[in-house]
Amino acid sequence: MRSDANIAGPMTDPVPGPRTESMGADVSRETPSPMDDTPIGRAAQLAVEALGRAGEGLPRPEQTRIIVVANQKGGVGKTTTTVNLAASLALHGGRVLVIDLDPQGNASTALGIDHHAEVPSIYDVLVESRPLAEVVQPVPDVEGLFCAPATIDLAGAEIELVSLVARESRLQRAIQAYEQPLDYILIDCPPSLGLLTVNALVAGAEVLIPIQCEYYALEGLGQLLRNVDLVRGHLNPDLHVSTILLTMYDGRTRLASQVADEVRTHFGDEVLRTSIPRSVRISEAPSYGQTVLTYDPGSSGALSYLEAAREIALKGVGISYDASQAHIGAQKDPSMVEGIQ
Ligand SMILES: Nc1ncnc2c1ncn2[C@@H]1O[C@H](COP(=O)(O)OP(=O)(O)OP(=O)(O)O)[C@@H](O)[C@H]1O
Ligand SMILES: [Mg+2]
């Protein structure tokens with residue numbers, strides 16, 4: 001379970017077969033960023049730069065970092081963040097496992113992982129005590145990225161877990177028994193605070209909360225934070241909110257920057273400097289069973305997730321993140337983006 005090295009070498013194998021051609025006419029629908037109105041040639045160049053940059057490698061954590069992506073509010077970008085951050089961390093040279101803990105199975109779909117009812121899944125791990133290693137599958141197209149899929153069975157697990165021994169710590173035990181070296185485990189939670197989410201909070205040390213830059217963004221967060229406190233107090237003393245990520249940021253609207261300001265005032269340093277723009281490419285990628293990193297590596301969405309991953313990796317080893325070094329296409333701290341009303 002511990003990573004086998006703490007210094008990253010350069011990534012050994014770039015992602016095979018990236019699509020670099022797809023910054024076509026649609027691109028103007030994305031949030032404006034420096035590259036939105038550029039021709040395809042520029043997009044291809046950015047894609048190459050993005051992959052080259054990803055290949056630089058980043059410092060690896062000394063121990064496996066287990067990051068729980070949670071927010072009981074639906075549709076805020078949990079799954080999108082889980083799969084794209086995981087792919088970015090893998091492209092940066094890490095070994096990364098995504099655990100799909102949502103019966104909807106959206107993370108499995110987005111990673112191109114088969115998750116029909118007969119596939120061994122995280123349900124078997126939680127309810128049948130099957131070893132995690134027996135359900136983990138490699139993600140096609142991204143070296144170093146793996147997924148433990150969710151099938152529809154998981155919908156019954158909230159109820160079935162209730163009567164099982166150690167019902168809150170079954171995922172934690174499964175992860176502890178998993179012997180493959182990993183740098184990161186990212187857990188995609190369902191939009192609820194039931195036993196599945198509690199299992200994730202007991203298993204991980206870090207909570208990453210994606211916040212959508214919209215009205216009511218902070219509503220319900222108090223309940224999530226109280227649950228984090230409860231789990232820390234009773235079951236997992238290491239648990240803390242390590243990261244807040246602003247998602248679907250639309251720099252054209254006053255509301256988005258107001259929400260961003262409010263979140264930054266409230267959470268301070270936990271909020272990543274990089275935010276994720278609203279991007280058509282990000283929303284299209286899952287229907288091709290891909291992350292945006294392989295679907296359109298030069299898009300602003302891909303670059304933003306690569307940058308967010310870099311920030312998370314650097315923070316994890318105590319290196320301060322220099323936002324001025326951020327890739328030109330990534331969405332930086334909104335307060336640094338010119339032209340916001
Ligand atoms: N940055 C983005 N730009 C555009 N669309 C996005 C972005 N992030 C997420 N979306 C879209 O928003 C919708 C909700 O995203 P996602 O499924 O990641 O949220 P979620 O929090 O996991 O939802 P749920 O609570 O149902 O699990 C999806 O259709 C997704 O494609
Ligand atoms: Mg989801």
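Predicted model: local features only at pLDDT ≥ 70, side-chain atom pairs only at ≥ 80, totals over all residues.
Close-up 1. Thr80 brings a polar side-chain atom to 2.5 Å from an oxygen atom of ligand 1, and a polar backbone atom of Gly75 is 3.0 Å from an oxygen atom of the ligand. Polar contacts here are pairs of N or O atoms within 3.5 Å. The protein buries 80% of the 630 Å² that ligand 1 exposes when taken alone (Shrake-Rupley accessible areas, 1.4 Å probe).

**Close-up 2. Helix 2 against helix 12.** Helix 2 (residues 78-91) packs on helix 12 (residues 300-316) at an angle of about 70 degrees, and their axes are 8 Å apart. The two helices are therefore roughly perpendicular (65 to 115 degrees). Among the residues that meet are Leu85 and Leu89 of helix 2 and Ile312 of helix 12, with contact meaning heavy atoms within 4.5 Å.

**Notes.** Residues are numbered from 1 along each chain as its sequence is written, while chains are lettered from A and ligands numbered from 1 in written order. Local features need pLDDT of at least 70, side-chain atom pairs count only at pLDDT 80 or more, and totals for chains, interfaces and linings use all residues; side-chain values use heavy atoms, leaving out hydrogens and water.

Terms used: Axes fitted to C-alpha atoms, helices over the stretch in contact; angles between N-to-C directions. Helix = DSSP H or I, 4+ residues; strand = E, 2+ residues; numbered from the N terminus. Parallel < 35°, antiparallel > 145°, perpendicular 65-115°, else oblique. Polar contact = N/O pair within 3.5 Å; in protein donor to acceptor, adjacent residues only side chain to side chain.
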